Amino acid sequence: MRAARTLGPVTVACGAFLLTLAPLLHLQVAPQIITAPADIHQTTSLHAVDATYLDTADLTVRRGARITAVNTVRGDVRASDEKITVWDSFTWIGDATTGAQIEIQSQRVAFDRRTARLHNVCGAAVDGDTSVRQSGIGPFWPIGVRKRTYHVFDAKTRTSRPMTFAGVDRIHGDTVYQFVQRTEPTVLGSAPTRVPASLLDLEGLRAGFPGYDGGRGDIEVDRVYEGTLTAWVDPRTGTRIDQRQQSKTVFRTKDGIDRLVVGDLVLRLSEADRRDRAIRADKAARKMR
C-alpha cells in the first residue's frame, strides 16, 4: 500500500499532451472578427495499441496493451469575456481491454480569443496547480495558420516548446500543414519518486547507493520523459485534423542509469474522427468565407 501511495500518477505520462489537441471549433463569425467560443463542449478519443505502462495497483508493467485516452473540453462561460476565453480540459486514460483507470489529468486555460495567446488569469492551472505559468498557445490555434514555428505549451513538461512547420499534406481532400514538436529526455516533476527496489530488480543494493533506503527497501528515481507530437492543422480554421503522440517514460536512478520503461506508446486520432474533423473544417471555412 505504501508503494502505491508513493508512486502516485507515474504510469505513462501520456495524458497531458492530449490537452493540446485543439477542439474542433464552431467559430463565431462577425464582420471583422473571428473568435474562439466560450460555450464549447466536446469530447475526443485517441487510441494506442501494443503499448507499455506501469499498473500501480500491483506494480506490474503491462506490455502489449491497448490504451484509450478520452479528452473532454468545456468552456467556462461565466469566467470568459469579450477578450479572454476560459476552457477546462479533463483527460481520462485507461486500459481499453480491462477498463482499468491508469491516470486522470486536467488543465484550465485562459487565452486571447483572437490571437490564441495563453494568459495566467481566471484560475489557469495544470492538474490543479495554479503556480504553473502557461505561455505560447494552447488548445486553440489562431485562424490563418502559417508555415512557421509556433511556441505551443506542453503540459507534461510545463513549458512552452517550439512546434515547427514540417510540410504540406492532404487528409480527406483537405490541404493541411504538418507541425512537429519534439521533447528531449526531460525529468518530470520537481521532486524524485520513491519506488520499491524490487521493481527495478535492485534488491541487492548496499548502503551508500544514491537514493537507496535499505530500511524501507525503496529507492529514489526520476521520471524521465521524451516524445514527439505531430499535428496536421487546417490552415484556414486552425483545426487539428489529425494528431499523433509518441511518448516514452522511464525510471532513472540517481546514478544516471535508465532502469525501467514505465510508459511507451503511440496515441493516434481515429480514422472516423479525422474524417469528421475534415468535414467540419470545410463547413467552418465556408462559413468564414
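This tour moves through a predicted model, from its nonpolar core to one strand and then to its salt bridges.

**The core**

Begin by selecting Trp-87, Phe-111, Trp-141, Val-145, Tyr-150, Met-163 and Phe-179. These are the residues with the most contacts inside the largest nonpolar core, which has 24 residues. Next, colour the elements that supply two or more residues to this core: β6 (101–112), β9 (150–154), β11 (174–196) and β13 (218–233). In soluble globular proteins, nonpolar side chains tend to be buried together.

Now centre the view on Met-163. Setting aside residues up to four places away in sequence, Met-163 touches a set of residues that includes Trp-141, Tyr-150, Val-152, Phe-179, Val-180, Leu-229 and Ala-231. Arg-148, Thr-149, Gln-181 and Arg-240 are also among the residues that Met-163 touches. Apart from this core lies another, of 15 residues; to find it, select Val-195, Ala-197, Val-221 and Leu-260, which are among its members.

**Phe-111 and strand β6**

Return to Phe-111, which lies in strand β6. Is Phe-111 buried or exposed? Its relative accessibility is 1%, and because the limit for buried is under 20%, Phe-111 counts as buried. Show its surroundings: leaving aside neighbours within four places in sequence, Phe-111 is in contact with Ala-36, Lys-83, Ile-84, Thr-85, Trp-87, Ala-116, Arg-117, Leu-118, His-119 and Phe-140. A distance can also be displayed here, between the C-alpha atoms of Phe-111 and Val-121; these residues are ten apart along the chain, and the atoms are separated by 8.8 Å.

Which strands pair with β6? Select each in turn.

- Strand β5 (residues 84–95) pairs with β6 in the antiparallel sense, over eleven bridges. Thr-85 has Phe-111 as its bridge partner in β6. The two strands form a hairpin with five residues between them, and Gly-99 in the turn has a positive phi of about 80 degrees.
- Strand β7 (residues 118–119) is also antiparallel to β6, with two bridges. Here the bridge partner of Phe-111 is Leu-118. Five residues separate the strands in this hairpin, where Ala-116 takes a positive phi near 75 degrees.
- Strand β8 (residues 125–126) and β6 pair in the antiparallel sense over two bridges. Arg-108 stands opposite Ala-125 in β8.

**Salt bridges**

The last stop concerns charged side chains. Side chains of opposite charge can pair when their charged atoms come close. How many salt bridges does the structure hold? There are 23, and three of them may be visited individually.

Select Arg-62 and Asp-55, whose side chains meet in a salt bridge at 3.3 Å, N to O. Arg-62 is partly exposed, with a relative accessible area of 30%, whereas Asp-55 counts as buried at 16% relative accessibility.

Arg-252 counts as partly exposed at 24% relative accessibility, and Asp-258 counts as partly exposed at 42%.

Then select helix α2 (residues 271–288), where Arg-274 and Glu-271 both lie, three residues apart, about one turn of the helix. Their salt bridge brings the closest N and O atoms to 2.6 Å apart. Glu-271 is partly exposed, with a relative accessible area of 35%, while Arg-274 is buried, with 14%.

To finish, select Arg-194, Asp-213, Arg-216, Asp-218 and Glu-220 together: salt bridges that share partners join these residues into one network.

Technical notes. Residues numbered from 1 in each chain as written. Predicted model: local features only at pLDDT ≥ 70, side-chain atom pairs only at ≥ 80, totals over all residues. Heavy atoms only, no water. Core = buried A, V, L, I, M, F, W, Y, C linked by side-chain atoms within 4.5 Å. Buried < 20%, exposed > 50% of the residue type's maximum accessible area, 1.4 Å probe, protein only. Helix = DSSP H or I, 4+ residues; strand = E, 2+ residues; numbered from the N terminus. Contact = heavy atoms within 4.5 Å. Pairing = 2+ DSSP bridges. Salt bridge = Lys/Arg side-chain N within 4 Å of Asp/Glu carboxyl O.
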